[in-house]
Amino acid sequence: MMTGGGKYTTIDNQKLQGSVPAVPDPSHVAVQFTDSNMQTFPPSGLQGKISSASGPPRDVDDTFSKPSSGSDEPQSSGWFRAFSVSSYKQYFDVDTSDVVDRIKDSLIPFRDSFNEKTSSNPDLYGPFWICTTLIFVAASIGTFVTYIAHKLQHKEWEYDIKIVTWSAGLFYGYVTIVPVLLYVILKYFSAPSGLVQLLCLYGYSLFVFIPALCLSLVPLVIFRWVVTAIAGFMSATFVAINLRAHIKSAGESWILIVAAIFLLQLALSVVLKLYLFTVTV
């Protein structure tokens, strides 16, 4: 180093080497990782569609999932719940043993414990499949009996699709419209009953017509009338007795309401006899 007088002074090599940092080897690259939790995926701070380890993506159709209490999803209320699939899930949450027990109760019409047993958990699963089975049985047996009758008389046979549509309209319509009308009537007489409870009761009351339809294969008119009368009486008695205790709170008119329920159920059996239990060629 040159001083003010123009002379050079020597710097101690050791001090010079100690003050200048060493140049690293360019072939050696040091990689340093920042601290992170590699065991948790996704990270808690990650934003986007995946917001938690257990929650589904926000754009997934979660119609059948129940939103959590802290969810910001709008809750349907009032009449809008009737258009939500999740509102009906509880009415199909039954075991096979529950359905079998309720079917057994429907075949013992003089017991009035059906409404009491199903008051806490009325279902629509059993009524739906009972009506669907009735439609299938009515269509298949009616078609089979008509086919045999035509062949025995050496006549040409054609499949009639009307029996399927007619059966579907009859059973689905009856098990829906009649309970709704009865619900309105009971509400008018200040003896309201649950609509689902009425749908459940009327649905199971139709089960007795399944074996009755199967017995209609016997080609005897008197036998078919006897089977129809027994099935109709059992079904009507089952509905009337289970509603009698509740309808008594409607006042003096309860007898007329119960009688109308009984006669309407008998009328259904007569309609079945005239249109399903009768084969004409």
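**Helices, bridges and a core**

Trainee: How much of residues 224-243 is helix, and how much is strand?
Mentor: The chain there is 100% helix and 0% strand, and the end C-alpha atoms sit 29 Å apart. Helix here means a DSSP run of H or I, at least four residues, and strand a run of E, at least two, numbered from the N terminus. Bear in mind that this is a predicted model: local features need pLDDT of at least 70, side-chain atom pairs count only at pLDDT 80 or more, and totals for chains, interfaces and linings use all residues. Residues are numbered from 1 along each chain as its sequence is written, and side-chain values use heavy atoms, with hydrogens and water left out.

Trainee: What does UniProt list as "transmembrane region"?
Mentor: The unreviewed entry lists five ranges for that feature, including 224-243 and 255-276. UniProt positions follow the numbering used here, feature names are shortened, and annotations may be inferred rather than shown by experiment. In the model, residues 255-276 come out 95% helix and 0% strand, with 31 Å between the end C-alpha atoms.

Trainee: How many helices and strands does the chain have?
Mentor: Nine helices and zero strands.

Trainee: What makes R102 and D123 a salt bridge?
Mentor: The term asks for a side-chain nitrogen of Lys or Arg within 4 Å of a carboxyl oxygen of Asp or Glu. R102 and D123 have N to O at 2.3 Å, so the pair meets that cut-off. R102 lies in helix α2 and D123 in the loop between α3 and α4, so the bridge ties together parts 21 residues apart in sequence.

Trainee: How many salt bridges does a search of the whole structure find?
Mentor: Two. K117 also pairs with D105, their closest N and O atoms being 3.4 Å apart. That pair links helix α3, which holds K117, to helix α2, which holds D105.

Trainee: Why is D105 called buried?
Mentor: Buried means under 20% relative accessible area, exposed over 50%, and partly exposed in between (1.4 Å probe, protein chains only). D105 has 10%, so buried is the label.

Trainee: Why does W225 count as partly exposed?
Mentor: Its relative accessibility is 40%, so W225 falls in the in-between class.

Trainee: Which residues touch the most other members of the largest nonpolar core?
Mentor: A nonpolar core joins buried Ala, Val, Leu, Ile, Met, Phe, Trp, Tyr and Cys residues through side-chain atoms within 4.5 Å. In this 48-residue core, F171, Y202, L206 and L243 touch the most other members, and α4 gives the most residues, nine. Setting aside residues up to four places away in sequence, L206 touches residues including F171, Y174 and L268, where contact means heavy atoms within 4.5 Å.
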